[in-house]
Amino acid sequence: MAALPEERFPSHGGRTGHTYLHDRAFLDRPLTMRGVTEADLPELVRVDREAFPEEPYPYFVLRQLYDVHGDRLLVLDDGERLHGYVLFPAGSDGRQCWIMSLGVTRDQRGRGLGRRLMLEVLRRLRTERVREVRLTVEPTNAAAIMLYRSIGFSSEEGVSRDYFGPGEDRLVMTLNL
């Protein structure tokens, strides 16, 4: 799937027309959601390490995810640095999709960036007629669980013990589109 044109996010302020998300770290640079490029890989690794310091993906894994699913990887870019990403590969039948990773740098959390990434993914998946979206989340990650529930994900299956190995429990969440 070809990347869609860049999209600008509205700011929390009251400007009209093209408005942008502002922060001192951005120095009035617009934040853009776009498809990932090979040149983004070092920045993608940095974002992943900031977002998941306990267990980031190794470089080679992100490289291979880019090679295999690069058209299913969106990033948030201020023109100098990346601030978040989402990876959403579809299943072989095209009817189910997994959100494999959603990461926002710690300094940008709480600004709605994860929600914006997720809403864009869901918009794209609906146009592709995907029927179900699934993801897993650490059961203690209350902020992520609240985000996913607010978008419509549910967790009827409950916590899957040892999902990623001994002591690595995950909450499996599903959204029917």
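This is a predicted model: local features need pLDDT of at least 70, side-chain atom pairs count only at pLDDT 80 or more; totals for chains, interfaces and linings use all residues.
Helices here are DSSP runs of H or I with at least four residues, numbered from the N terminus.

Helix 3 covers residues 113-127. Several of its residues are buried, among them L113, L117, M118, V121 and L125.

Four strands make up an open sheet with mixed pairing, in the order 5-7-9-8. Strand 5 (96-99) and strand 8 (159-160) are the edges, each pairing on one side only. Strand 7 (residues 132-137) and strand 9 (residues 170-176) run antiparallel to each other over 6 bridges. Helix 4 (residues 142-151) packs on this sheet and touches both strand 7 and strand 9, its direction making about 15 degrees with that of strand 9. Within the strand pairing, V137 sits opposite L171 of strand 9.

Now for the interior. In soluble globular proteins, nonpolar side chains tend to be buried together. The largest nonpolar core here has 29 residues, and Y148 and F153 touch the most other members. Elements giving two or more residues to this core include strand 3 (73-77), strand 6 (101-104), strand 7 and helix 4. Helix 3 provides the largest share, 6 residues. Beyond its neighbours within four places in sequence, Y148 contacts L102, M118, L135, V137, F153 and M173. There is also a second, separate core of 13 residues, including Y66, L82, Y85 and L87.

How values were computed. Residues are numbered from 1 along each chain as its sequence is written. Side-chain values use heavy atoms; hydrogens and water are left out. The expected span of a helix is 1.5 Å times one less than its number of residues. Buried means under 20% relative accessible area, exposed over 50%, partly exposed in between (1.4 Å probe, protein chains only). Two strands pair if DSSP finds at least two bridges between them. Contact means heavy atoms within 4.5 Å. Axes are lines fitted to C-alpha atoms, for helices over the stretch in contact, and angles run from 0 to 180 degrees between N-to-C directions. A nonpolar core is a set of buried Ala, Val, Leu, Ile, Met, Phe, Trp, Tyr and Cys residues joined through side-chain atoms within 4.5 Å.
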